Amino acid sequence: MLRERGIDAVIEPLIEIVPRPAALEIRGVQAVLLTSANGARALAGVTGERRIKVLAVGDATAAEAAALGFTDVEAAEGDVTALAALARRRLDPRGGPLVHVGGSAVAGDLAGVLAGHGFSVRRETLYEARTVAAFQPATAAMLRAGQIDGVVFFSPRTASAFVSLVTATGLVSATRHLVGFCLSAAVANAASSLVWREVCVSPRPVQEFLVELIAAYSHGRKTGSEGPV
């Protein structure tokens, strides 16, 4: 999406997804709640049922669930608060329990919020998200040489992972010349311990809005280098 807008992009995975063996029981479950595309993939890996109602945190997660064959999928507006609100509108506390499929670390208290409205929510940990040990050598070299203009963060977890990695590798000073593009205020907060040239937060926690923000910033920039994000 960035390259279509004339912006070079370097892909740097910061989180390694490790599946956890599990048997998921969904008989009697009213709906499954997904807070990431990884959750959608994990759900597909442990059940052949594709007609269960799925409420996804945002469009990207919903699209992944639909691509995996789930037929009753609806997207919230990009964060846990919006997902809880969608569940309250679409579901009945008396209609059966909900299952939140996710990883070992989650942002927000989805189950707690919905429990306050009478829902029974069971959390199923189907994968573990581990921070990688180091940047890829080429990315570290580009950061050290000032050849990167910005860093894009979609979650607090990846922002925190980036903070840990630049600290561990002695690259903290490199962020003074970088723009942090963040999907939400919570993501920006996770990156706030570093000094940035600037931090830009998407007007809505949706991938398309973040991409447009990056494109607008990049094409309107008058100073700085012309490196990738």
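User: What is the order of the strands in the open sheet of six, and what makes two strands count as paired?

Analyst: The six strands follow the order S1-S6-S5-S2-S3-S4 in an open sheet with mixed pairing. Two strands pair if DSSP finds at least two bridges between them; strands (E, at least two residues) and helices (H or I, at least four) are DSSP runs numbered from the N terminus. Strand S1 (15-19) and strand S4 (73-75) are the edges, because each has a single partner strand and one side left without a neighbour in the sheet. This is a predicted model, in which local features need pLDDT of at least 70 and side-chain atom pairs pLDDT 80 or more, whereas totals for chains, interfaces and linings use all residues. Residues are numbered from 1 along each chain as its sequence is written, and side-chain values use heavy atoms, without hydrogens and water.

User: How do you know that strand S5 and strand S6 pair?

Analyst: Strand S5 (residues 98-103) and strand S6 (residues 121-131) share six bridges in the parallel sense, and the rule asks for at least two, so they are a pair. One of the bridges joins His-100 to Arg-123 in S6.

User: Which strands does helix H3 touch, and what counts as touching?

Analyst: Helix H3 (residues 80-90) packs on the sheet and touches S2, S3 and S4, where contact means heavy atoms within 4.5 Å. The direction of H3 makes about 150° with that of S3; such angles run from 0 to 180 degrees between N-to-C directions, with axes fitted to C-alpha atoms, for helices over the stretch in contact.

User: What makes the rings of Phe-135 and Phe-162 a pair, and of which kind?

Analyst: Rings of Phe, Tyr and Trp (its six-membered ring) pair if their centres lie within 6.5 Å; planes under 30 degrees apart count as stacked, over 60 as edge-to-face and the rest as tilted. Here the centres are 5.7 Å apart and the planes stand at 65°, so the pair is edge-to-face. Phe-135 belongs to the loop between S6 and helix H5 (137-144) and Phe-162 to helix H6, 27 residues apart.

User: What makes a set of residues a nonpolar core, and which residues have the most contacts inside the largest one?

Analyst: A nonpolar core is a set of buried Ala, Val, Leu, Ile, Met, Phe, Trp, Tyr and Cys residues joined through side-chain atoms within 4.5 Å. The largest has 53 residues, and those with the most contacts inside it are Leu-34, Val-101, Phe-135, Phe-153, Phe-162 and Trp-196. Helix H6 (residues 156-168) gives the most to this core, with six residues. Another core, of 17 residues, lies apart from it and includes Leu-55, Ala-82, Ala-84 and Leu-86.

Definitions and conventions. Buried means under 20% relative accessible area, exposed over 50%, partly exposed in between (1.4 Å probe, protein chains only).
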